[in-house]
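Notebook open, structure loaded. I want to go through the sheets, the ligand site and the aromatic rings, in that order.

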Amino acid sequence: MSDHKLADETILAQGLGYMDEQHLGVIPGIFPSTTYERSADNSYANGKIYTRDHNPNYEQPEQVLATLEKGADAMLFSSGMSAATCVFMALKPGDHVVVPKIIYWSFRNWLQSFAKDWGIETTFVDNGCIEALKNAVRPGQTKLLWLETPANPTWDIEDIRAWADIAQQIGARLAVDNTIATPILCNPLALGADIVMHSATKYLNGHSDVLAGALVCKESDEHWQKMRSIRASGGAVLGPFEAWLLMRGMRTLAIRVKQASNNAMIFARAFESHPLVEAVLYPGLESFKHHHIAKSQMSGGFGGMLSIRVKGGEQAAIKTAAHLKLIKRATSLGGIESLVEHRASVEGPDTPCPRDLLRLSIGIEQVEDLIADMQQALEI
Ligand SMILES: Cc1ncc(COP(=O)(O)O)c(C=O)c1O
């Protein structure tokens with residue numbers, strides 16, 4: 001058994017064996033204390049001082065996530081955005097970063113506004129275009145490459161190995177937003193990335209009831225320590241109850257992600273040739289432009305996110321969403337219940353997102369029920 005490597009399912013179901021040591025309960029408790037007693041010798045016996053950085057409820061999800069992502073360390077944050085922005089806050093004014101054009105829209109907005117105001121220059125490159133990336137990097141000045149794959153909401157795929165090679169050539173770090181694939185389907189650190197980021201609000205929690213984020217590092221280097229001190233001084237951490245709830249959700253991550261991926265594959269195929277559908281965007285479809293890259297770096301499925309471009313344009317798409325009965329019209333993704341959203345309505349006039357696009361977060365329901373719902377909505 002000593003060389004035996006535990007599967008993700010086992011690591012998650014057992015939560016790495018954390019327990020309530022005091023009562024021998026199989027589930028750890030919730031620890032609301034914001035502060036910890038100092039010992040008579042003036043030390044802190046268990047290393048914990050104050051909850052802005054230390055709480056027992058952060059430790060289990062952080063360790064489980066670091067194990068799943070095959071990383072050296074992990075940190076929880078109060079949201080995906082606070083995790084993502086922390087990576088950039090650890091850069092210096094004058095540093096240059098390269099990011100694909102299509103990424104989570106709120107983060108793109110943050111880069112175009114706050115990051116710019118702080119002196120961080122971002123070059124946005126066409127998704128899936130390594131030539132554009134090569135032309136955009138500035139050796140010596142480019143300190144970070146950031147990508148999101150599959151990219152919200154068109155699910156474009158970036159070749160993580162190719163980005164990692166370029167990052168290494170110019171001495172920059174590569175950070176990957178792995179929210180959509182999750183560590184169940186893709187491990188960016190094993191493909192050469194230095195940092196992985198998650199909106200834990202999505203699949204990691206999986207029940208649409210916790211806002212959280214996380215970072216995982218390949219090495220606990222100087223940049224990681226700076227991010228740790230940014231979190232400790234800024235305090236963008238979860239409350240202990242939210243961290244506990246996140247861990248409860250994470251215990252079923254593997255089975256939820258696999259079920260959602262299977263459902264999404266069947267759903268995508270069901271509408272690929274539908275006469276009222278312009279296109280189905282899903283990395284699992286062989287017709288998808290980056291399918292071969294997705295196949296080479298994802299295993300076990302292509303995720304639960306897909307988009308449908310509805311024939312007839314924006315108004316037809318909005319009308320279709322309005323006629324769905326089972327699939328709820330709401331933002332966010334990665335929960336057990338299926339959601340739909342007309343993304344251009346959210347992202348505004350400057351969005352690169354096609355205006356006829358409906359984003360679907362496919363849940364773990366019976367897929368035939370979801371297909372029947374979409375069929376009736378399209379055909380009304
Ligand atoms: C891919 C991706 N990254 C990051 C975020 C931001 O996460 P949060 O809402 O937890 O701040 C989102 C939110 O939708 C997302 O979809």
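Predicted model: local features only at pLDDT ≥ 70, side-chain atom pairs only at ≥ 80, totals over all residues.

I started with helix H6 (residues 160–170), which lies across strand E2 (96–100), E3, E4 and strand E5 (173–177) and runs at about 175° to E4. Contact here is heavy atoms within 4.5 Å. Axes are lines fitted to C-alpha atoms, for helices over the stretch in contact, with angles from 0 to 180 degrees between N-to-C directions. Helices (H or I, at least four residues) and strands (E, at least two) are DSSP runs, numbered from the N terminus. Helix H8 (residues 222–234) also packs on the sheet, where it touches E1, E5, E6 and E7, and its direction makes about 25° with that of E1.

Residues are numbered from 1 along each chain as its sequence is written, and side-chain values use heavy atoms, with hydrogens and water left out.

**Strand order**

I read off seven strands in an open, mixed sheet, ordered E1-E7-E6-E5-E4-E2-E3. Two strands pair if DSSP finds at least two bridges between them. At the edges sit strand E1 (73–77) and strand E3 (121–125), each pairing on one side only. On average, neighbouring strands of this sheet are turned by 20° against each other, direction ignored.

How many bridges join E1 to E7? I found five, with the strands antiparallel, and Ala-74 stands opposite Val-216 in E7. E1 is mostly covered, as four of its five residues are buried (under 20% relative accessible area; exposed is over 50%, partly exposed in between; 1.4 Å probe, protein chains only). Strand E6 (residues 195–199) is joined to strand E7 (residues 213–217) by five bridges, again running antiparallel. There, Met-197 has Leu-215 in E7 as its bridge partner.

Strand E9 (residues 305–310) pairs antiparallel with strand E12 (residues 357–361) over five bridges, and Met-305 is partnered by Ser-361.

**Ligand**

I counted 15 residues around the ligand, the closest being Gly-80, Met-81, Asp-177, Ser-199 and Thr-201; the cut-off is a heavy atom within 4 Å. In the side chain of Ser-199, an N or O atom is 2.8 Å from a ligand oxygen. For Asn-152, the side-chain distance to a ligand oxygen is 3.0 Å. Lys-202 has a polar side-chain atom 3.0 Å from an oxygen atom of the ligand.

**Aromatic rings**

Rings of Phe, Tyr and Trp (its six-membered ring) pair if their centres lie within 6.5 Å; planes under 30 degrees apart are stacked, over 60 edge-to-face, the rest tilted. The count by this rule is eight aromatic pairs. Why is the pair of Phe-88 and Trp-146 tilted? Because the ring planes are at 55°, with the centres 5.3 Å apart. This pair links distant parts of the chain, 58 residues apart: Phe-88 is in helix H3 (residues 80–89) and Trp-146 in strand E4 (residues 142–148). Phe-88 is buried at 0% relative accessible area, and Trp-146 is buried at 0% too.

Phe-107 and Trp-110 are stacked, 5.9 Å centre to centre with 10° between the planes. They sit three residues apart in helix H4 (residues 105–117), so about one helical turn separates them. Both Phe-107 and Trp-110 are buried. Last entry: Phe-88, Phe-107, Trp-110, Trp-118 and Trp-146 form one aromatic cluster.

Notes: Polar contact = N/O pair within 3.5 Å; in protein donor to acceptor, adjacent residues only side chain to side chain.
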